Amino acid sequence: MASAANGGGTEVRKADCAAVIVAAGDGRRMGRPKQMLPVGGVPMLERSIAEFSRLPEVGRIVVVTTAEIIERYGGDWAKKNIVAVLGGATRLESVRAGVRKASGAGIVAVHDAARPLIRGEQISAAIAEARKSGASVLAVPVKDTIKTVAADGKTVAGTLERKKLWAAQTPQCYRLEVLESALAAFPEEKDATDESQLVERNGGKVTLVEGSDSNIKVTTPADLAAADALLGASSGEGKMRVGLGYDIHRMVPGRPLIMGGIRIPHTKGLLGHSDGDVVLHAACDAALGAIAAGEIGIYFPPTDLTIMGISSIAIVEKTLDVLSSRGAAVAQLDITVIAEEPKLSGHYPALRKSVADLFRLPIENVSIKAKSYEGLGEIGRGEAMACNALAVVRLK
Ligand code: MG
């Protein structure tokens, strides 16, 4: 048996694989067609398409689905060179329809759209094994003890030896000629629940590639909830993100010096559209950066005259709203001011307290320090003040 962990590797991967993604079910067990139900906000079928699309060895994608779905999505797919084919009455007939569109491929990877959590490295491992041995099936060892049932449908007829049992997943991958020959050998077969059993019956060798328990098949509403939860776990829910922010403003006479939301006594102040608070601007950009939510200029464009002269505390409030709407919260800030003057060390406690209060953080999670510019350039001449900030953000 091959291991998914060894798949891929550093070898150059030929784009000779056609992915046949089967999504033709009518959703009897879900009450409606399930292919387009969202998992983590993205339709299941689109998740599989995206995962296959990013692999260099996949040169063609064939989606086998219903007339309704082709009508609605086929146009978009065509622009991305994705081939849409009408499915059959059974899974195997849909596979036959898809494989007919795979001519010329070296390898065919057959995948069920009902497994939306498939990961690229698992696909690559299965493809690599099929390239080597002809046919591969992603599978996991069975954890339950499996009973066979007698003809009455309720009496146990026997217990299977668990260590010999693996649960087959998809993708199942084949050299094209291996699959075509197996499908042709059993032209009347319609009901086989996977096509690899035809390869077995045709005398072919099928190699197991160990997959992942998270590659679940979504069949019932409970599976859908489980898929959402698994996706949340893998997307970093409950984890930390880090963002970097920077800002610089001119220092001019006749303006109050506002830093970290408080006024610092000095002969000059920061020039800006707002109050020019470099500390809060850098901190907000760091927090937004941690969740890839852009920068404060998006939310407070310098061209918007209605916000002229606003306090940067409003910018912090907006930033916290944006984070909160994405299920994120600032956990820690580390801030370095770069300025020749005034000397800031005496103001560190007040600055820390103000920034901590504004970002709703305990004071021990906020660090403020300052560096001079050794008399160099504009900052060194006291004509500008800059600030760097690092934000740690927790995803809820
Ligand atoms: Mg600024």
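Modeller: The account below takes the salt bridges in turn. The model is a predicted one, and a search of the whole structure finds 16 salt bridges in it.

One of them joins the side chains of Asp 16 and Arg 131, with an N to O distance of 2.9 Å. Asp 16 belongs to the loop between strand E1 (2-3) and strand E2 (17-23), whereas Arg 131 sits in helix H4 (residues 120-133), so this contact ties together parts that are 115 residues apart in sequence. Asp 16 is buried, because its relative accessible area of 17% falls under the 20% limit. Arg 131, at 32%, is partly exposed.

A further salt bridge is formed by Lys 268 and Glu 341, whose side chains meet at 3.7 Å, N to O. This pair also links distant parts of the chain, 73 residues apart: Lys 268 is in strand E16 (residues 268-270), and Glu 341 is in the loop between strand E17 (328-338) and helix H11 (348-358). Lys 268 is buried, with a relative accessible area of 18%, while Glu 341 counts as partly exposed at 31%.

The side chains of Lys 164 and Glu 161 form another salt bridge, at 3.6 Å from N to O. Here Lys 164 is exposed, with a relative accessible area of 64%, and Glu 161 is partly exposed at 39%.

Finally, salt bridges also occur as a network, which links Arg 91, Asp 112 and Glu 195.

Methods: Residues are numbered from 1 along each chain as its sequence is written. This is a predicted model: local features need pLDDT of at least 70, side-chain atom pairs count only at pLDDT 80 or more; totals for chains, interfaces and linings use all residues. Side-chain values use heavy atoms; hydrogens and water are left out. A salt bridge is a side-chain nitrogen of Lys or Arg within 4 Å of a carboxyl oxygen of Asp or Glu. Helices (H or I, at least four residues) and strands (E, at least two) are DSSP runs, numbered from the N terminus. Buried means under 20% relative accessible area, exposed over 50%, partly exposed in between (1.4 Å probe, protein chains only).
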